[in-house]
Amino acid sequence: MTPVVLRTPRLVLDQPGEGDVESVLEYCQDPTLQRYTTIPVPYGREDAETFLLDLVPRWWEQGTEQTWAIRPADVPDAPLLGVIGVRSHGEVGYWMGAPHRGNGYLGEALEVVIDHWFGAGNERMTWSCLVGNIASARTARRAGFHFLGSGPAKIAHRDGSRPDSWHAELFAGEPREPQPGWPAEVVG
Ligand SMILES: CC(C)(COP(=O)(O)OP(=O)(O)OC[C@H]1O[C@@H](n2cnc3c(N)ncnc32)[C@H](O)[C@@H]1OP(=O)(O)O)[C@@H](O)C(=O)NCCC(=O)NCCS
């Protein structure tokens, strides 16, 4: 699969690479990111290099996951702000570097990734997070995902466990606005 560049008014999404090692290494020290994702802990330079130089290109080539760097648009040598990806079975995942959270960038990136996914003829996208990850759940709710309930994580965590997680889905053609049924703490 050829890597695709996606654009929004404020962002450009492209394949992350060698120039992003320092940013990924820095952001992946964040305890919140470590808690809510399956990245290795402790996270070292080798992990960032493996992710950027081995895994991401391989995933694109084999079509197992489309992984984008989220960058500011119209900035020379635009730095990586966060990462978003969709696995071949339609599961979306994302993180933002801690200094860049709270700007709505992730929601904007998710919208264009959803457009791209359904534009390519796919019918369904899924999302999940650990129970209590309000920021991630609010992002998915705002994008239109339907809450399905709680259950074990579909992807094993770094200790092999499958902690209790929230699950949601979105189908092609559905409205991209908040749907009923989400836990009260997510609705706010
Ligand atoms: C999830 C994440 C990507 C969201 O990115 P972001 O830049 O904060 O996204 P936004 O600015 O669009 O905020 C998303 C929503 O969460 C809310 N939010 C952000 N941080 C929050 C927090 N700590 N507690 C509660 N709500 C929070 C925002 O107010 C916003 O709500 P709204 O849509 O109702 O306005 C980011 O918080 C992150 O990287 N977290 C760590 C990694 C992670 O959890 N990844 C997802 C794994 S499933």
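1. Basis of the model. The structure is a predicted model, in which local features need pLDDT of at least 70 and side-chain atom pairs count only at pLDDT 80 or more, while totals for chains, interfaces and linings use all residues. Residues are numbered from 1 along each chain as its sequence is written, and side-chain values use heavy atoms, with hydrogens and water left out.

2. The five-stranded sheet. Five strands form an open sheet in the order S1-S2-S3-S4-S5, and their pairing is antiparallel. Strand S1 (6-7) and strand S5 (92-96) are the edge strands, each of them pairing on one side only. Two terms are needed here: helices (H or I, at least four residues) and strands (E, at least two) are DSSP runs numbered from the N terminus, and two strands pair if DSSP finds at least two bridges between them. In general, strands of a sheet pair through backbone hydrogen bonds, either parallel or antiparallel.

3. A hairpin leads from S1 to S2 through three residues, and the two strands, which run antiparallel, are joined by two bridges. Leu-6 has Leu-13 in S2 as its bridge partner. Strand S2 (residues 11-14) is in turn joined by four bridges to strand S3 (residues 65-72), again in an antiparallel manner. Within S3, Arg-71 stands opposite Val-12, and Ala-69 is the bridge partner of Asp-14.

4. A helix on this sheet. Helix H3 (residues 45-62) lies across S3 and strand S4 (82-87), and H3 runs at about 125° to S3. Axes are lines fitted to C-alpha atoms, for helices over the stretch in contact, and angles run from 0 to 180 degrees between N-to-C directions; contact means heavy atoms within 4.5 Å.

5. The three-stranded sheet. Six bridges join S7 to strand S8 (residues 164-171), the two running antiparallel, and Pro-152 stands opposite Asp-164 in S8.

6. The shell around the ligand. The ligand is surrounded by 18 residues, of which the closest are Tyr-94, Met-96, Gly-104, Asn-133 and Arg-142; a residue is near a molecule if one of its heavy atoms lies within 4 Å of it. S5, strand S6 (124-130) and helix H5 (134-143) each supply at least two residues of this shell, and the largest share, six residues, comes from H5. By type, the shell divides into eight nonpolar, seven polar and three charged residues, where Ala, Val, Leu, Ile, Met, Phe, Trp, Tyr, Cys and Pro count as nonpolar, Asp, Glu, Lys and Arg as charged, and the others, Gly among them, as polar.

7. Atoms facing the ligand. A polar backbone atom of Met-96 is 2.8 Å from an oxygen atom of the ligand, and a backbone N or O atom of Gly-104 lies 3.1 Å from a ligand oxygen atom. From the side chain of Asn-133, an N or O atom is 2.8 Å from an oxygen atom of the ligand. The protein covers 72% of the 930 Å² of accessible area that the ligand has on its own, with areas taken from the Shrake-Rupley method with a 1.4 Å probe.

8. Two backbone details. Pro-42 lies in the loop between helix H2 (31-36) and H3, and the peptide bond from Val-41 to Pro-42 is cis, with omega near -5°. Asp-74, in the loop between S3 and S4, has phi near 60°, which is a positive value in a residue other than glycine.

Technical notes. Polar contact = N/O pair within 3.5 Å; in protein donor to acceptor, adjacent residues only side chain to side chain.
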